[in-house]
Amino acid sequence: MKIIFTISEVEELVKTGGLADVGKALPLALKAAGHDVAIVMPYYQSIRQQFDLATACPQQTLFAESTVYHFDIRQLNWNGIDVYFIDYPPYFDRADLYSNTYEAYSDNGERFSFFCGAALMAMQSLALAPDIIHCHDWHTAMLPFLLKHDGTGEFANTKSVFTIHNAAFQGVHRLETIPFLRHHRGILSQVHGGYINMLQTGIEFADKITTVSPNYAQELLTDLGSHGLHHRLVTRQQDLSGILNGCDYTQWNPATDPFLPKNYSADDVGPKQHCKQVLQHKTGLAEKSGTPLIGMVCRLTEQKGFGYLLPVLDELMDHNVQLVIVGTGDPKVCMDLGEYAQNHPTQFAFINGFSTEYAHLVEAGADFFLMPSQFEPCGLNQMYSLAYGTLPIVRAVGGLKDTVIDPKDDAANATGFVFSLPSPEGLLACIRRALLFYYEHPERFRQMQQRAMHTRFTWQTAANDYQALYQQLWPV
Ligand SMILES: Nc1ncnc2c1ncn2[C@@H]1O[C@H](COP(=O)(O)OP(=O)(O)O[C@H]2O[C@H](CO)[C@@H](O)[C@H](O)[C@H]2O)[C@@H](O)[C@H]1O
């Protein structure tokens, strides 16, 4: 099949979070399965700075009401996949992707609606004729609508799949701030009180809707777990499915990881201790091999459970335990973590930055990896942690519930520690249980590490599931 991904982030090209991991791994897995895969994404400033790319065809012109957009399509052959970039500097030649520090750009609705229209036009101009256009998150959620309403003859047989990576981000904007869409105001059923919800539009118009774990797909159908979308999703329930993300074991393998000071494997876990020592050294923590070290690498947002963690830090630090957090995001969380690190320099470290090197070192050097998420559509770091023998401590939500097994639920297959209660107390009790296990059952801890390292969630499995879904739209 000819499959085109429209997506805002692809690891190695541009990344702010987990969307990029999928933007790289899934197209490659589908290509390895024999499909013809291409990607269309914005030509962000950081990509422009990395690559000086040639245009793929003469300058394009799009009209929307009285607005005229002239843009270029640039092309890169990346890992054997053609990536086409929409080059429209007024919208994409900016320091950040979505926001000015933590303030979302006020024209995000217009930027990404235009991107969807431009992506369709690029596919026409390049005669790509896809069987499937696979859209991801609110940034590309207008495309299924535009495909149905503006798509001409070339797209008569093209189907759309829309994957929700995070339903909390919906792209809600005043239609009047989106010149690109204004002429559709009469037919856009998602406009309420002058606002358009782009994620909802994607849900309404895509031929199939997926999300990134089976459990999150179930949660999305409930009042509590759907971020207000359950009525829409229940209506489309027949077309909704959850396909678990994978782990890219070429990139996340402690035996070959170039970021580690020493490599190790399930057969020889010993050098993991050296990684811990280096992590402690680099972050200024006391270099104590017997003190359990908990790591966390994430965007600093409510989603990731800081509302549970911050209130119990004092009680946690009363224990013989260390914590390293690597992340960027909410300035208030940054300030709190920075202050805490200053006051507890040998026990608590905070790296306020986006660092791939630290992300890998924390996965290898920590004993536990913490993900106390409020909600978590899939989560990738718990899978990376399993591969590194770093036992995840997670809340039983979304994909975390699908991928981590607690000893109290299934001792013979346990791979981490899981709690349900959405509260600081629930989190603290679970961390204490994990610490006790570490101290009192070193042999069982090692067995759990081994088991975790042998657990596999492959992108090939995910690609097979997506392929089966595409085939429902394209029966052969
Ligand atoms: N400061 C930092 N430095 C270096 N690397 C950092 C970093 N902060 C985050 N990362 C990296 O970004 C990725 C984050 O992935 P997640 O799946 O945990 O989260 P995210 O919430 O962004 O993704 C959303 O989409 C993904 C993909 O579908 C879902 O798994 C997830 O549940 C959903 O919220 C990981 O590769 C992590 O190592």
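**View 1. Strands E9 and E13 sit side by side in the parallel sense.** E9 and E13 (residues 208–211) are joined in parallel over four bridges. Here Val-161 has Lys-208 of E13 as its bridge partner. Helices (H or I, at least four residues) and strands (E, at least two) are DSSP runs, numbered from the N terminus, and two strands count as paired if DSSP finds at least two bridges between them. A word on what you're looking at: this is a predicted model, where local features need pLDDT of at least 70 and side-chain atom pairs count only at pLDDT 80 or more, while totals for chains, interfaces and linings use all residues. Residues are numbered from 1 along each chain as its sequence is written.

**View 2. Nine strands make an open, mixed sheet.** Follow the strands across and you get E3-E4-E5-E2-E1-E8-E9-E13-E14, with mixed pairing. The edges belong to E3 (55–64) and E14 (240–242), each of which pairs on one side only. On average, neighbouring strands here are turned by 25° against each other, direction ignored. Helix H4 (residues 108–125) lies across E1, E2 (36–42), E3, E4 (67–78) and E5 (81–87), and runs at about 130° to E3. For these angles, axes are lines fitted to C-alpha atoms (for helices, over the stretch in contact), and angles run from 0 to 180 degrees between N-to-C directions.

**View 3. Helix H18 has a buried face.** H18 (residues 459–473) is 15 residues long and spans 21 Å from first C-alpha to last, close to the 21 Å expected at 1.5 Å a residue; that expected span is 1.5 Å times one less than the number of residues. Trp-459, Ala-462, Ala-463, Tyr-466 and Tyr-470 are the buried ones. Buried means 20 or more other C-beta atoms within 10 Å of a residue's own, exposed means 12 or fewer, and partly exposed is in between, with C-beta atoms placed from the backbone. The buried residues pack against E1 (2–6), H1 (18–32), E8 (132–136) and E9 (159–164).

View 4. The protein splits into domain 1 (2–246 + 460–473) and domain 2 (272–456), with bounds from an automatic or database domain assignment. Their centres, taken over C-alpha atoms, are 32 Å apart. The contact takes 17 residues from domain 1 and 12 residues from domain 2; two residues are in contact if their C-beta atoms, placed from the backbone, lie within 7 Å. On the domain 1 side, H1 and H7 (214–219) each supply at least two residues, and H7 gives the most, with four residues.

**View 5. Gly-295 is buried in strand E15.** Gly-295 belongs to E15 (residues 293–300), and counts as buried because it has 28 C-beta neighbours inside 10 Å. Ile-325 is 30 residues away in sequence but 5.9 Å away in space, C-alpha to C-alpha. Beyond four places in sequence, the contacts of Gly-295 include Val-324, Val-362 and Thr-390. Two bridges join E15 to E18 (residues 368–371) in parallel, and Gly-295 stands opposite Phe-369 there.

**View 6. Six strands make an open, parallel sheet.** The order is E17-E16-E15-E18-E19-E20, with parallel pairing. E17 (348–352) and E20 (417–419) each have a single partner strand, so one side of each is left without a neighbour in the sheet. Neighbouring strands are turned by 15° on average, direction ignored.
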